Structures are given as structure tokens and as C-alpha cells.
Amino acid sequence: MTQPLIEAFFDEPTNTSSYLVGDPATRTAAVIDPVLDFDMASGVADTRSAERIVAFARAQDWRIAMVLETHAHADHLSAAPFIKAQTGAWIGIGAHIRDVQKIFRPVFAMDNLKTDGSDFDRLFEDGERFAIGALEVEVLHVPGHTPADVAYRIGDAAFVGDTLFMPDYGTARADFPGGDARTLYRSIRRLLALPDATRLFLCHDYKAPGRDDYRWETTVGDQRRSSVHVHDGVTEDTFVTMRERRDAGLSVPRLLLPSIQVNIRAGHFDKAEANGVTYLRIPVKWKAA
Ligand SMILES: [Fe+2]
């Protein structure tokens with residue numbers, strides 16, 4: 001089996017790891033979860049991080065043919081449209097993104113948002129297979145963090161999005177609308193049923209107590225032996241109790257509101273107003289007196 005060439009790009013402001021995955025035979029490549037640089041306070045967006053990925057691909061003579069999102073992220077804006085514009089790549093995500101669009105359309109009163117997933121170029125069903133050049137990709141629907149999460153299994157590697165984090169940190173939160181801790185546990189067990197040596201590439205790292213460097217690669221075996229949340233022997237009920245208690249104490253991600261409204265539209269902002277400026281929507285809720 002041909003193994004993919006993998007290059008990670010870690011974005012410290014959002015703790016996100018994006019990946020460039022290449023097929024050595026055809027030099028075709030996919031970008032997974034690219035980050036748009038966005039400063040919420042000033043409203044300034046730029047594409048430095050995505051440019052770094054595109055430049056790396058060009059230097060290696062890899063042709064980026066697709067952008068794969070693991071889910072609609074709540075902590076960073078996607079740079080998928082920039083990569084598409086630069087390279088002609090198509091953009092794919094799990095088919096359950098439609099459910100996420102239906103959940104958030106009324107939250108943001110985005111009356112012009114299509115909820116059929118058609119802002120994306122491809123929607124993946126569970127078990128679907130496609131190719132990056134001569135590499136086969138298998139899509140695994142792994143809901144729980146959101147209803148639409150997918151993992152991409154390519155050779156001996158799996159890109160697991162927000163399901164598992166490093167073994168010393170644990171797992172993703174499951175308290176966003178449509179999220180569910182019990183569902184997340186079942187998705188994680190499905191990932192941990194892959195062969196022990198399967199390399200798992202994560203979407204985020206936040207370091208962990210006692211660790212001062214960022215890491216984004218682990219294995220199924222490592223997780224089963226030493227994940228603080230889901231090592232072998234942790235039951236579904238134990239996990240759910242732990243996850244729900246932990247989620248109750250977590251704060252709202254800094255970029256949640258801009259990220260969701262942009263990412264459910266495949267990374268596109270709303271169209272510009274008559275003055276040529278694009279705006280984001282912030283629903284205002286008054287705290288009960
Ligand atoms: Fe996420």
C-alpha cells in the first residue's frame with residue numbers, strides 16, 4: 001500500500017493543525033482544514049497561513065486538487081476558498097453539514113444560506129471512498145463533537161478532526177448544538193478499532209499539563225493505552241459523565257460566532273454590502289436581570 005506524504009502546518013493563534021497530504025506517485029495533494037488568519041478585534045483577515053501551504057506544495061511540485069474539511073470548525077475560519085481560487089481545488093466535507101446548516105441558519109438569521117450543502121463541491125457519506133491521485137481515501141462519519149464530523153483514512157494515517165486530541169489532553173468537547181458526548185464516545189471507539197499502528201493526525205493541540213511543545217500526531221495504540229479520557233477500559237457512561245461535566249465548565253471559543261457562519265458556507269463570507277464591505281453577524285442576547 002502506498003503511504004501518503006504528510007506535512008503539518010500548526011497555527012498557534014487557533015491551536016489548529018492543517019495538513020498537506022500528497023500522493024508520491026502522481027504528486028497530487030489534498031489540504032486538510034486550512035486556516036484563514038483573522039483578527040476579531042480589528043476585523044482584518046489575511047491568508048498568510050494558507051499561502052504557506054500553497055507555497056510548500058508548489059516548492060515540492062505537488063498539485064493541490066482538493067480541500068478536505070473534517071467539520072464546520074468553531075475556533076477558526078476556513079481558508080478553503082483561497083486555496084480553491086489559487087489552485088482550482090474542490091472543497092469537500094461530510095454530508096451531515098446540511099444538519100449543521102439547518103441548526104445555525106436561524107441562529108444567525110442567514111436567510112440566504114442554502115441548507116442543501118451546495119456551497120461545498122462534494123459531500124461525503126460514511127464509508128465513501130475517493131482518491132488523491134493514486135491514494136485511496138476512506139471517509140468515516142464520526143459525529144459527536146458536531147453532527148457532521150468526518151475522519152479521512154489514507155493509507156496507515158487517519159485525519160480525525162475534533163474527536164481525539166493527544167493522549168495527555170483527551171478528547172474534543174461535545175456541547176455545541178447538535179453535539180453529543182455519547183455519540184462522540186461511539187465515534188472514538190470506531191476510530192480506536194483501526195489497527196494499533198494507525199497514525200492519527202489531530203486538528204488541534206493545546207499542550208497539556210507538564211508538556212511545553214505542540215504535538216498533533218499519535219497512534220491508535222497510544223490512545224488505547226494512555227488517553228486520559230478514552231483509554232481501553234473507560235466505559236461509555238464514565239466517558240459521558242466526565243465529558244459533560246468538563247464541557248459545562250468550558251468557555252465559548254474566541255472565534256465561535258464568525259467561524260460558524262463562515263464555515264457552514266464553505267469558508268465564504270456573506271456578500272459585500274453596497275459600500276463594498278463584508279460584514280459578520282453577531283446575535284445579541286440580553287442577560288436576564
Ligand atoms: Fe471543532
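User: Helices (H or I, at least four residues) and strands (E, at least two) are DSSP runs, numbered from the N terminus. On that basis, where is D37?

Analyst: D37 is in strand β4, residues 35–39. This is a predicted model, in which local features need pLDDT of at least 70 and side-chain atom pairs count only at pLDDT 80 or more, while totals for chains, interfaces and linings use all residues. Residues are numbered from 1 along each chain as its sequence is written, and side-chain values use heavy atoms, with hydrogens and water left out.

User: Is D37 buried or exposed?

Analyst: D37 is buried, where buried means under 20% relative accessible area, exposed over 50% and partly exposed in between, with a 1.4 Å probe and protein chains only. D37 has no salt bridge, meaning a side-chain nitrogen of Lys or Arg within 4 Å of a carboxyl oxygen of Asp or Glu.

User: Which side chain of opposite charge is nearest, and how does D37 reach its backbone?

Analyst: R48, at 4.8 Å; Lys and Arg count as positive and Asp and Glu as negative, with His and the chain ends not counted. The D37 side chain reaches the backbone nitrogen of R48 at 3.1 Å.

User: What else does D37 touch?

Analyst: Leaving out residues up to four places away in sequence, D37 touches D11, V44, A45, D46, T47, R48 and S49; contact means heavy atoms within 4.5 Å.

User: Switching to rings. How many aromatic pairs?

Analyst: The count is 17. Rings of Phe, Tyr and Trp (its six-membered ring) pair if their centres lie within 6.5 Å; planes under 30 degrees apart count as stacked, over 60 as edge-to-face and the rest as tilted. One of the pairs, W90 with F130, is edge-to-face, at 5.8 Å centre to centre and 70° between the planes.

User: Where do W90 and F130 sit?

Analyst: W90 is in strand β8 (residues 90–94) and F130 in strand β10 (residues 129–132), 40 residues apart. F130 is buried, at 7% relative accessibility. W90 and F130 also belong to one aromatic cluster with F124 and Y152.

User: Why is the Y185 and F239 pair called tilted?

Analyst: Because the planes of Y185 and F239 are at 45°, with the ring centres 5.5 Å apart. Y185 lies in helix α4 (residues 181–191) and F239 in helix α6 (residues 236–248), so the pair ties together parts 54 residues apart in sequence. Both Y185 and F239 are buried.

User: Which ring has the charged end of K207 over it?

Analyst: The ring of Y214, with the charged end 4.6 Å from its centre. The criterion is NZ of Lys or CZ of Arg within 6 Å of the ring centre and within 35 degrees of the ring normal. R246 likewise sits over the ring of Y169, at 5.9 Å from its centre.

Key:
A polar contact is a pair of N or O atoms within 3.5 Å; within protein, one must be able to donate a hydrogen and the other to accept it, and residues adjacent in sequence count only if both atoms are side-chain atoms.
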